[in-house]
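Here are my notes on the model you sent over. Have it open while you read, as I go point by point.

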Amino acid sequence: RMQNSRSKPCSCPSLKLREVASMYFTMVAAFLVILVVALQGSAPRESHFPYKVPLDPQGLLELSWNVSYPEQAVHFQLLIRELQFGILFGMSDRGEFENADLAVLWSDGHNSYFGDAWSDAKGQLHMDSQQDYQLLGARRAPEGLYLLFRRAFSTCDPKDYLIEDGTVHLIYGILEKPVHSLQAINISALPGGLQRVQLLKPNVSIPELPSDMKTMEIMAPDVIIPSQETTYWCYMAELPAGFPKHHIVMYEPVVTAGNEALVHHMEVFQCAAEFDSFPHYNGPCDSKMKPERLNYCRHVLAAWAMGAQAFYYPEEAGLAFGGPGSSRYLRLEIHYHNPLVFRGRRDSSGIRLYYTATLRPYDAGIMELGLVYTPVMAIPPGEENFILTGYCTDKCTQLALPTAGIRIFASQLHTHLAGRKVVTVLSRDGRERQVVNADGHYSPHFQEIRMLKEVVSVFPGDELITTCTYNTEDRSRATVGGFGILEEMCVNYVHYYPQTQLELCKSAVDPGFLRRYFNLVNRFNDEEICMCPQASVPQQFYSIPWNTFNRDVLKSLYGFAPISVHCNKSSAVRFPGEWEKQPLPSITQRLPEPVPRCPPAPGPQPAAPVPLNLGQLRGH
């Protein structure tokens with residue numbers, strides 16, 4: 001009957017009323033549900049949104065969320081501290097404002113509306129024909145306006161972002177003037193920005209903690225944050241003399257109040273045991289004054305990035321520190337992100353380690369997978385998606401892993417600035433079995449140790465294959481592998497137990513085959529380029545004219561040439577065996593691509609915004 005009434009112009013107002021009424025009751029019902037949920041547990045209301053991150057550098061927008069795996073949905077709570085004429089919140093591939101998927105709250109100066117929208121390649125907004133950001137309610141509080149809404153991981157709407165494991169680039173925009181319609185908004189012209197988070201946190205149960213647990217804080221000593229956009233700050237701390245072996249069982253961030261939006265990420269490294277002492281230092285990591293020896297403090301004990309919670313070790317394992325054969329010196333590194341260039345801000349952030357003298361059954365270990373840091377692996381300039389792969393071969397795991405295998409419980413992916421995607425897959429008998437960790441929207445500016453949704457067991461003879469995708473569209477010369485920030489890496493630091501002697505299991509193309517590639521390029525090239533053997537590998541890469549032929553041959557070289565395998569104990573000692581000119585592992589069966597699960601379609605929802613009664617909004 002409603003369908004018929006739509007064609008009669010006279011009954012339109014009643015339809016509007018009816019729609020508004022039904023939406024109003026839906027909202028009231030949703031509110032009651034939230035209320036009932038809130039009253040059921042004795043826990044405070046806030047615990048329903050355990051994850052929290054400031055969106056903007058001033059901390060005026062604060063996002064909290066929770067993840068429901070049974071419902072395959074994320075519930076968001078957005079606190080807007082100083083609401084003007086509305087807000088845009090959403091997700092896009094790498095944090096661009098164009099081709100983004102958005103939830104929009106806007107006001108024309110009298111009435112306020114909420115709707116699901118998308119932006120096109122020009123940044124123009126359009127109302128989505130399928131409304132997948134569902135408004136659950138809005139409430140005013142002394143601190144600002146709380147907006148509650150939910151979104152399914154996957155909506156099967158081509159205009160929507162698919163929420164997956166790994167990094168999500170959240171974007172926000174602020175409406176400073178009233179707008180008469182959603183279409184009148186051009187997102188590219190708005191003040192706004194982006195924030196990276198891991199939205200789909202694993203549903204890991206918190207292990208029992210030991211009764212004799214102690215804490216130790218590794219903190220910056222009241223540092224004045226430099227008034228520049230990016231600073232890496234280094235501070236040296238040391239364990240008490242004669243500190244015996246302990247197990248770290250968890251750690252958490254301690255961020256100075258008021259600096260939540262400036263402290264981007266923090267890491268604690270242990271120094272190399274071969275040096276008896278390390279100099280004290282407190283200053284920028286790139287300063288000329290930094291002692292050279294601090295470069296030998298690279299063994300990660302803890303790593304935190306914005307939006308991450310406390311990190312727990314599994315009940316049966318702990319990370320060993322202290323005792324003989326382990327350095328007393330630790331290096332804290334803090335990345336300050338200060339785009340508004342605040343001056344004179346003081347900071348004493350750091351990491352709180354929780355440790356026990358009652359050792360757990362297993363020591364946890366950290367193993368490096370991926371590519372060796374060497375210039376033989378290179379990416380031509382102007383590439384949108386160039387793929388490099390590093391192998392931990394069956395021969396190495398056969399030799400180095402215990403018969404009962406190891407259990408990987410966490411992972412930290414790492415590339416430099418050109419990295420866009422990273423994935424490690426476990427393969428057994430030539431068949432891919434399981435993804436260890438994957439990030440399809442990886443950002444080098446957001447690296448955290450992530451607990452895995454499920455523990456991955458690796459047995460002798462298994463292969464761990466790590467693949468990185470790079471974008472060099474903004475570069476004019478080749479990018480080679482190496483330690484420099486403009487060179488590249490492809491690494492997965494996996495956290496596992498029981499600890500073995502295997503610290504590094506990586507590969508690179510065989511250098512002899514790369515020489516043949518340079519000879520070939522030389523032969524096909526008109527002008528003689530210096531491919532003379534005395535030129536270094538980077539210099540030879542820099543002098544290649546990057547036509548399609550040279551690009552494609554390099555790609556296929558990396559796809560078939562034998563590899564040099566690094567199956568190392570510590571820093572540089574290889575396990576005994578033949579590791580040069582090893583065949584590339586062959587994969588006969590790939591894992592199927594995951595098929596997004598589509599939620600049941602909510603009845604024919606009008607592509608119309610939900611009106612909200614927020615009173616008149618005033619700009620500041």
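1. Ground rules. This is a predicted model, so to speak of local features pLDDT has to be at least 70, and side-chain atom pairs count only at pLDDT 80 or more, while totals for chains, interfaces and linings use all residues. Residues are numbered from 1 along each chain as its sequence is written, and side-chain values use heavy atoms, with hydrogens and water left out.

2. Overall fold. The protein chain has 6 helices and 37 strands (DSSP runs numbered from the N terminus: H or I of at least four residues for helices, E of at least two for strands). Of its 620 residues, 53% are buried (buried is under 20% relative accessible area, exposed over 50%, partly exposed in between, with a 1.4 Å probe and protein chains only). Taking contacts (heavy atoms within 4.5 Å) between residues at least 6 apart in sequence, 76% join residues at least 24 apart.

3. E62 and R81 form one at 3.2 Å, N to O. E62 lies in strand β2 (61–68) and R81 in the loop between β3 (73–80) and β4 (86–92), so the pair ties together parts 19 residues apart in sequence. R81 is partly exposed, at 32% relative accessibility. K52 joins E62 and R81 in a network of salt bridges.

4. Two buried pairs. R151 and D101 meet in a salt bridge at 2.6 Å, N to O. R151 is in β9 (144–152) and D101 in β5 (101–107), so this bridge links parts that are 50 residues apart in sequence. Both R151 and D101 are buried. K506 and E368 also pair, with their closest N and O atoms 2.7 Å apart. Here the strands are β35 (504–509) for K506 and β25 (365–371) for E368, so the parts tied together are 138 residues apart in sequence. K506 and E368 are buried too.

5. Back to β2. What does S64 touch? Leaving out residues up to four places away in sequence, S64 touches F49, Y51, K52, H75, F76 and Q77. S64 sits in strand β2 and counts as buried at 5% relative accessibility.

6. The second largest pocket. About 1,800 Å³ of space lies in it. (On a 1 Å grid over the protein atoms alone, a pocket is an open set of points with protein on both sides within 12 Å along at least five of seven lines; a cavity is a set where a 1.4 Å probe fits but cannot get out; lining residues have an atom within 4 Å of a point. Points are joined across faces, edges and corners, and a volume is the space filled by probe spheres set on them.) Of its 49 lining residues, E164, V423, V435, A438 and P594 are the closest to the centre. Strand β30 gives the most to this lining, with 7 residues.

7. Cavities. There are 3 of 30 Å³ or more. The largest cavity has a volume of about 90 Å³, and 16 residues line it, with L371, M377, G481, E488 and M489 nearest its centre. The second largest cavity is about 50 Å³, and β28 (406–414) and β30 each supply at least two residues of its lining.

Definitions and conventions: Salt bridge = Lys/Arg side-chain N within 4 Å of Asp/Glu carboxyl O.
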